[in-house]
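I opened this structure to look up two things.

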Amino acid sequence: MENFVVSARKYRPSTFASVVGQQHITTTLRNAIANHHLAHAFLFCGPRGVGKTTCARILAKTINCTNLGPDVEACNACESCLSFNNNASFNVHELDAASNNSVEDIRSLTEQVRYAPQQGKYKIYIIDEVHMLSNTAFNAFLKTLEEPPSYAIFILATTEKHKIIPTILSRCQIFDFNRIQLRDIAGHLQYIADKEGIAAEPEALDLIARKADGGLRDALSIFDLISTFGEGRRITYSSTIDNLHILDYDYYFRITDAMLEENLPQVLLVFDEILRRGFDGHNFIGGLSEHFRNLMVCKDVATLKLLEVSENVQQKYASQAKASSVSFLLSALNIASAADAQYKGSKNQRLLIELALMKMCHIYSALRPADIARQVAPAGEGDEKKKSEPGLIGGLPGDNSAAVAANPSANGNGFAGSNGNANGHTSAPQAVNTVVSPAPVSPPAMPATPKLSAFEGGIAGLRPTVSLGSFVNLKPGQFKAPESKGPESETGTETVQAAPARPRVVRPFAEADFKAVWKEYTERLAAAGNYSDSAMLADRPMRIAGNYEVTVIFNMQLSADQFSRARPELQSFMRDKLENDAIELFAEVSAHAEQPKAVYTTREKFEYLAEKYPLLLELKEKLKLEIES
């Protein structure tokens, strides 16, 4: 019976050109050999199974080859290459640092370095899993690694670079190996399948590559497993799914289709089928999030390259992405992420996932009222109204209260009503106290109105007359409200109902009334826990001019700055309480303001407190206390 050799060993690369997915490493090493710029110490680091030890062996064989080709590859025909291929080379020494990590092992290695090679130009020492060396072994290796003989080259390999001490790192030329791309792994697996005469479906090879997570050795081990499991030397997608116990992406397509149709029973039945097959709910919700992410990627041609799947699956994603709106995908991603974060802490994990699925099924129900309230683009007579993209409304998906409150209607049918005038303009809808049913119904015919964005629409679909950005650099008193032109004012092609102007009230007040309201405000701040502003405003000296300009006097600029931040709310409070819209508050820093007397000694502190609280004197006399000087 012929001995079986696993694919990871049988198809191990023997030249730089056969290394998979590490072209940046192999190109650099080739150039270094061709230009005779070889370093005396290399450090190969990266994840497992990406070719670190393989590249170290190829480098060791190539630099001792006596008949290098023009492509800087070993000839595999000279005496040095033949002895290396037969594991009989005296110039290449491999050390497994995981099992030889003591000081004695390193000392034995450094003793061997003293002897020059009898054949060839270099002696190469490959130390695998070098991070397993002890600190004392590292320190014993430092001097030899820093100043080795001219014929000695050290190649260190590790999966955990952070465990290597900095003094070793500084003496090495570091090469970082990447995880191998899915398409490179799948292509290499297809090459091996062709060599072995195995019929393999591309979807199955893509699935194996995805399961390997960037490690070619893991991918080859899974490949051997699936090729043995399958009958007739065939690797099919279904056999790969069954053997690796992977949740098929077809489940996610079925669930998403049911969500788009708002078919909640079908969604719950598919989820139950997934659980009965032994899959974990946490893995399911994570895979569903990735599915929604892939659909978002398919929305734009520029990001389509981020979707690393086969062409057949890519077409499925593109088809379903066209049927899904961006609002649905973002809302579903948000719900799935929340469920993923809460899964481990939930007592009823199945109910948590089912509740998330229910919310996803009703996303379109929550979005539908926003579609109704959204204005559409202007059209000529006889043109059909264009439907706008749904936008996410406030509140949880499935909760229509925010949408109904945002779209009052004069006829109580849940739609934003409008009345056309003689010029074809549309006036603002009139709010009425009518209970609106959240159930979607067909909208009544209405004149076309200009299309507004979600931020321009506001509550009743009205465009604000002044943009938010225009208020950024306004100074006090600089902004003036637009003059009213009657109950309605026209702006371009739109008609906006003007809000009734509030009459300006200027009612005289006494200084005592002003200070009483001022004290009431400071007490409210203290009750609300804002002790800093309350203390800053309490018992503050001020001047009140005849035109109701109040100047508050501070003895420090810091307090004046704090007052400036609290001024708008305080000024509004004073105007409302005193019924005087002419009140203006100003801050003034006075160098002659009375400074509080500083207290230092214990007696001075007691006298200061006793002046404010006379009961302290009575307490001192009753307890016969003495104050320290």
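**Entry: the model**

I am working with a predicted model, not an experimental one.

**Entry: cavities**

How many cavities of 30 Å³ or more does a search of the whole structure find? I got two.

I took the largest cavity next. Its volume is about 50 Å³. I listed its lining as Ala 60, Lys 61, Asn 64, Ser 80, Cys 81, Phe 84, Ser 89, Asn 91 and Val 92. Which elements give two or more residues to that lining? I found helix H3 (52–63) and helix H4 (79–85). H4 supplies the largest share, three residues. By class I noted four nonpolar, four polar and one charged residue in the lining of the largest cavity.

Then I turned to the second largest cavity. I have its volume down as about 40 Å³. Its lining consists of Pro 47, Arg 48, Arg 179, Ala 212, Asp 213, Gly 214, Gly 215 and Asp 218. I sorted these lining residues into two nonpolar, two polar and four charged.

**Entry: H8 and H9**

I looked up how helix H8 (residues 182–196) packs on helix H9 (residues 202–212). The angle is about 125 degrees, and the axes lie 9 Å apart. I therefore logged H8 as oblique to H9. Is their crossing left-handed or right-handed? I recorded right-handed for H8 and H9.

From H8, I noted Leu 182, Ile 185, Ala 186, Leu 189 and Gln 190 at the contact. They meet Leu 205, Asp 206, Ile 208, Ala 209 and Arg 210 of H9. I counted seven nonpolar residues, one polar and two charged in the contact of H8 with H9.

**Entry: H12 and H13**

Next I checked helix H12 (residues 249–260) against helix H13 (residues 264–276). Their axes come within 9 Å and cross at roughly 160 degrees. I marked the crossing of H12 and H13 as left-handed.

On the H12 side I wrote down Tyr 251, Arg 254, Ile 255, Ala 258 and Met 259. On the H13 side I wrote down Gln 266, Val 267, Val 270, Glu 273 and Ile 274. The contact of H12 with H13 divides into seven nonpolar, one polar and two charged residues.

**Entry: H24 and H25**

My last pair was helix H24 (residues 602–612) with helix H25 (residues 615–623). I found that their axes come within 7 Å. They cross at roughly 120 degrees, so I logged H24 and H25 as oblique to each other.

Which residues make this contact? I listed Phe 606, Leu 609 and Ala 610 from H24. From H25 I listed Leu 616, Leu 617 and Lys 620. By class, the contact of H24 with H25 has five nonpolar residues, one charged and no polar.

Terms used
Residues numbered from 1 in each chain as written. Predicted model: local features only at pLDDT ≥ 70, side-chain atom pairs only at ≥ 80, totals over all residues. Heavy atoms only, no water. Axes fitted to C-alpha atoms, helices over the stretch in contact; angles between N-to-C directions. Helix = DSSP H or I, 4+ residues; strand = E, 2+ residues; numbered from the N terminus. Parallel < 35°, antiparallel > 145°, perpendicular 65-115°, else oblique. Contact = heavy atoms within 4.5 Å. Nonpolar A, V, L, I, M, F, W, Y, C, P; charged D, E, K, R; others polar. 1 Å grid on protein atoms, 1.4 Å probe; cavity = no way out; pocket = protein on both sides within 12 Å on 5 of 7 lines; lining within 4 Å. Points joined across faces, edges and corners; volume = space filled by probe spheres on them. Left-handed = near helix turned anticlockwise from the far one by under 90°.
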